[in-house]
Amino acid sequence: MYHLRYWAPRGRGQALRYLLADNVSQSEFKDEVVGRDVKWEGEGGLKFDESFSGPFGALPVLIHETKDGKKVLLSQALAIAQYLSKVLGLYPSPSDDPAVQAAVDAVACAAYLDVITPISQHIWTNPDLEGVQASERFMNMHNMIKRFNVLLTKSSGPFFFGTKPTHADYFIMQALEDYSVVSLEKLGKFPVLETFLATMRQREGISRFNQNEGTVHTHMTRSPFEDYHMHMLGKLREKADSPVPSPSVERIRLH
């Protein structure tokens with residue numbers, strides 16, 4: 001049993017949800033959504049309960065009940081993904097080669113640290129939506145999307161490392177979806193990435209997960225300012241006379 005515990009928003013957990021939904025049977029994957037009403041901070045808060053939030057007091061955490069009866073509790077999204085890749089056999093051949101593993105890990109890190117995490121930080125901290133589109137943070141994201149496009153064009157298959165997704169593909173999938181929501185730039189400028197995203201969404205496990213759970217994971221973060229942020233982003237798109245869908249429409253399209 002693979003038990004993933006995280007908040008309802010996409011945040012640091014959506015790529016892991018996609019990975020598990022695509023590689024583990026429905027009966028073996030539990031997607032626990034932690035509600036806003038739980039006591040998290042302060043005395044007696046779940047943040048300080050290691051059995052709930054792991055050794056670092058943060059979500060997501062994965063509880064893996066192995067076939068031999070062991071219970072493994074892991075935290076930190078990238079470490080969880082690397083563990084799952086080894087357990088589920090997602091690293092490309094030769095899968096035991098440290099260089100191959102590092103190459104996959106590097107792409108996942110880039111998607112997570114240079115796109116997914118900055119987007120969450122942006123929604124939490126920066127109300128200057130017009131100015132931020134030209135900020136260093138957004139320029140770095142734009143450049144990383146370009147680099148993903150170059151990497152994918154060099155691949156021998158529809159995925160970043162050939163004919164089968166690795167954990168890097170799930171992180172890039174989330175990165176592209178999140179980027180499409182918050183950026184005024186259009187992903188359509190990169191048709192190779194658009195095709196990749198469509199291919200990932202059509203995979204049986206991911207498609208089923210989005211149909212069943214997509215309405216739960218509609219927000220990017222737990223920020224109380226996110227809805228206002230998205231509303232103002234829609235205004236910016238209208239001002240720019242952009243054909244990019246409004247955030248509300250884009251959220252529906254994510255799932």
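**A walk through the model**

Guide: Gladly! Please keep in mind that this is a predicted model. Let's begin with the sheet.

Visitor: In what order do the four strands of the open sheet lie?

Guide: Strands of a sheet pair through backbone hydrogen bonds, either parallel or antiparallel. Here the pairing is mixed, and the four strands form an open sheet in the order β2-β1-β3-β4.

Visitor: Which are the edge strands?

Guide: An edge strand pairs on one side only.

Visitor: On to the helices. Are α7 and α8 roughly parallel or roughly perpendicular to each other?

Guide: Two packed helices are described by the angle between their axes and the distance between the axes. For α7 and helix α8 (residues 191-202), the axes come within 10 Å and cross at roughly 115 degrees. The helices α7 and α8 are therefore roughly perpendicular.

Visitor: How many charged residues does the contact of α7 with α8 have?

Guide: From α7 come Asp 169, Tyr 170, Ile 172, Met 173, Leu 176 and Glu 177, while α8 brings Leu 193, Phe 196, Leu 197, Met 200 and Arg 201. Sorted by class, the contact of α7 with α8 has eight nonpolar residues and no polar ones, and the charged residues number three.

Visitor: Which residues in α10 meet Ser 180, Val 181 and Val 182 in α7?

Guide: The axes of helix α7 (residues 167-182) and helix α10 (residues 226-239) come within 10 Å, crossing at roughly 70 degrees. α7 and α10 are therefore roughly perpendicular to each other. The residues of this contact divide into four nonpolar, one polar and one charged. Those met in α10 are Met 230, Leu 233 and Arg 237.

Visitor: Is Ala 81 buried or exposed?

Guide: Ala 81 has its place in helix α3 (residues 77-88). Beyond residues up to four places away in sequence, Ala 81 touches Leu 16, His 167 and Phe 171. Its relative accessible area is 0%, so Ala 81 is buried.

Visitor: How far apart in space are Ala 81 and Leu 16, C-alpha to C-alpha?

Guide: In sequence, Ala 81 and Leu 16 are 65 residues apart. In space, C-alpha to C-alpha, the separation of Ala 81 and Leu 16 is 6.7 Å.

Visitor: One last stop: is Ser 120 buried or exposed?

Guide: Look for Ser 120 in helix α4 (residues 98-125). Setting aside neighbours within four places in sequence, Ser 120 is in contact with Gly 11 and Thr 221. The cut-off for buried is under 20% relative accessible area. Ser 120 has 17% relative accessibility, so Ser 120 counts as buried.

How values were computed:
Residues are numbered from 1 along each chain as its sequence is written. This is a predicted model: local features need pLDDT of at least 70, side-chain atom pairs count only at pLDDT 80 or more; totals for chains, interfaces and linings use all residues. Side-chain values use heavy atoms; hydrogens and water are left out. Axes are lines fitted to C-alpha atoms, for helices over the stretch in contact, and angles run from 0 to 180 degrees between N-to-C directions. Helices (H or I, at least four residues) and strands (E, at least two) are DSSP runs, numbered from the N terminus. Angles under 35 degrees count as roughly parallel, over 145 as roughly antiparallel, 65 to 115 as roughly perpendicular and the rest as oblique. Contact means heavy atoms within 4.5 Å. Ala, Val, Leu, Ile, Met, Phe, Trp, Tyr, Cys and Pro count as nonpolar, Asp, Glu, Lys and Arg as charged, and the others, Gly among them, as polar. Buried means under 20% relative accessible area, exposed over 50%, partly exposed in between (1.4 Å probe, protein chains only). Two strands pair if DSSP finds at least two bridges between them.
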